[in-house]
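The stops below are given in the order in which to select them.

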Amino acid sequence: MEAGGVTVSALLVEHDPVRPAFGYHFEGGGRRIVISGDTRPCENLIRWSQGVDCLIHECCEMAKTSWYPGCGWPSLEEKVRDLASYHTQPDDLGRVAESARAKKLAVTHLMPGSEPRTLEHAARRHFAGPLVVGSDLLEV
């Protein structure tokens, strides 16, 4: 789609059991941004994100999830294992951004209880570029 001088492209990401699942690539005014959507780390996202000005990437930190009987999983351990299989965990954030050679990383889709400093520290293990952990109404 093109609008207002910006081209928006949908790209497939891996968020099984949801298929298809999409991320988005925005290009215009000499800048490029990718929004991961819900995904685990995947090659197609890295390919579309090569050298982007900003990669806005989800991080659904399963260690912070809650559980109660009847919530759809038989135990907290099963819920963590299941959700972690199709979301990006803190340790993978920096790997994805570094593999994509993103100029900036913005982290979004946080779990209640996630601590921004902890997420930043995890991403910094592999990514040295500018990094911001999202919060409500944040502008990047």
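Select Glu-58 and Thr-88: a polar atom of the Glu-58 side chain lies 3.2 Å from the backbone nitrogen of Thr-88. A polar contact is a pair of N or O atoms within 3.5 Å; within protein, one must be able to donate a hydrogen and the other to accept it, and residues adjacent in sequence count only if both atoms are side-chain atoms. The side chain of Glu-58 also makes a polar contact of 2.7 Å with that of His-87.

The model is predicted: local features need pLDDT of at least 70, side-chain atom pairs count only at pLDDT 80 or more, and totals for chains, interfaces and linings use all residues. Residues are numbered from 1 along each chain as its sequence is written, and side-chain values use heavy atoms, with hydrogens and water left out.

Stay on Glu-58 and show its strand, β5, residues 54-58. Helices (H or I, at least four residues) and strands (E, at least two) are DSSP runs, numbered from the N terminus. Is Glu-58 buried or exposed? Glu-58 is buried, yet has no salt bridge; Arg-40, the nearest side chain of opposite charge, is 10 Å away. Buried means under 20% relative accessible area, exposed over 50%, and partly exposed in between (1.4 Å probe, protein chains only). A salt bridge is a side-chain nitrogen of Lys or Arg within 4 Å of a carboxyl oxygen of Asp or Glu. For charge, Lys and Arg count as positive and Asp and Glu as negative, while His and the chain ends are not counted. Contact means heavy atoms within 4.5 Å.

Next, select β2 (6-15) and β3 (18-28), with Pro-17 in the loop between them. The two strands form a hairpin with 2 residues between them, and 8 bridges join them in an antiparallel arrangement. Two strands pair if DSSP finds at least two bridges between them. Leu-11 has Gly-23 in β3 as its bridge partner. The peptide bond joining Asp-16 and Pro-17 is cis, with omega about 20 degrees. Another cis peptide bond runs from Arg-19 to Pro-20, with omega near -10 degrees; Pro-20 is in strand β3.

Follow β3 to strand β4 (residues 31-35): the two run antiparallel and are joined by 5 bridges. Phe-26 has Ile-33 in β4 as its bridge partner. This hairpin has 2 residues between the strands, and Gly-29 takes a positive phi near 60 degrees there.

Move to helix α4 (residues 116-124) and colour its buried residues, Leu-119, Ala-122 and Ala-123. These lie on the same side of α4 because they cover an arc of only 95 degrees around the axis, the arc being that of the directions from the helix axis to the C-beta atoms. Arg-117 and His-121 are exposed on the other side. The buried residues of α4 pack against α3, β6 and β7.

In β7, select Val-133, which is buried at a relative accessible area of 15%. Leaving aside neighbours within four places in sequence, its contacts are Val-107, Leu-110, Pro-116, Leu-119, Glu-120 and Leu-138.

Finish with Arg-101, in the loop between α3 (90-100) and β6 (105-108). Arg-101 is not a glycine, yet has a positive phi of about 55 degrees; its relative accessibility is 57%, so it counts as exposed.
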